[in-house]
Amino acid sequence: MNRRQVVAAMAGLGLTGGSLWVAQNGLSGIQPRDTDQLPIRVETLDARGSSAGETAVPTPDTVTVVDLFATWCTPCDDQLEILDKIRPEYTDVSFISVTNERPSETLTRADISEWWNRNGGAWTVGLDPGSELLAAFGADGLPYIAIADENGTVQFGHGGLADGETLRDELDALV
């Protein structure tokens, strides 16, 4: 391996290790807010199942599944796959996935949209660069799933990978 390949490999290990650490230990510095502050408006991206603009999270007057993710988070890929499998069973439920990553020269909105499309996302995807949703939900790691009832009250919150059976049970109780 040449020096460039070694540096790239070490950077990849750092990202993988970092995502594992966050998935197991949570994000420091995120202070829970009162969920009475919900809904929070987020920017949405042009990607499969999503269009550029804004949306309220959770969706007013609708049971909403909120998936907090990051493109560097390996378990987030798996969570997206689980959500993609159960979403067709809940046509009256709003699904929205939101990342707190900040678009920049190294990670653009197009990069996030490409990741979304590559990983099978097919519903609204948004940005929360100020981590307002992470704080409002008291998210302690990524992925993080929250389910709000049609009044916007959070009925379920889960840090780490949430399996399809658990999500179905929680949704069945609300719809």
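Buried means under 20% relative accessible area, exposed over 50%, and partly exposed in between, with a 1.4 Å probe and protein chains only. By that scale R168 is partly exposed, at a relative accessible area of 28%. This is a predicted model, in which local features need pLDDT of at least 70, side-chain atom pairs count only at pLDDT 80 or more, and totals for chains, interfaces and linings use all residues. Residues are numbered from 1 along each chain as its sequence is written, and side-chain values use heavy atoms, with hydrogens and water left out.

**Overall fold**

- The protein chain has five helices and seven strands; helices (H or I, at least four residues) and strands (E, at least two) are DSSP runs, numbered from the N terminus.
- Along the sequence the pattern is α-β-β-β-α-β-α-β-α-β-β-α.
- Of the 175 residues in the protein chain, 41% count as buried.
- Among contacts (heavy atoms within 4.5 Å) between residues at least 6 apart in sequence, 72% join residues at least 24 apart.
- The accessible surface (Shrake-Rupley method, 1.4 Å probe; for residues, only the protein chains shown count as cover) comes to about 9,100 Å², and 47% of it belongs to carbon and sulfur atoms.

**Salt bridges**

- The whole structure holds four salt bridges, each a side-chain nitrogen of Lys or Arg within 4 Å of a carboxyl oxygen of Asp or Glu.
- R168 pairs with E89, with the closest N and O atoms 2.8 Å apart. R168 lies in helix α5 and E89 in the loop between α2 and β4 (94-99), so the pair ties together parts that are 79 residues apart in sequence. E89 is partly exposed, at 44%.
- E54 pairs with R41 at 3.0 Å between the closest N and O atoms. This pair links strand β2 (residues 53-57), which holds E54, to strand β1 (residues 40-44), which holds R41. E54 is exposed at 54%, and R41 is exposed at 51%.
- K85 and E81 form a salt bridge at 3.5 Å, N to O. Both lie in helix α2, four residues apart, about one turn of the helix. K85 is exposed at 56%, while E81 is partly exposed at 44%.

**A buried glutamine**

- Q79 sits in helix α2 (residues 74-86) and is buried, with a relative accessible area of 0%.
- Beyond its neighbours within four places in sequence, Q79 is in contact with residues including D67, P143, I145 and L167.

**Helix α5**

- D169 lies in helix α5 (residues 164-172) and is partly exposed at 48%.
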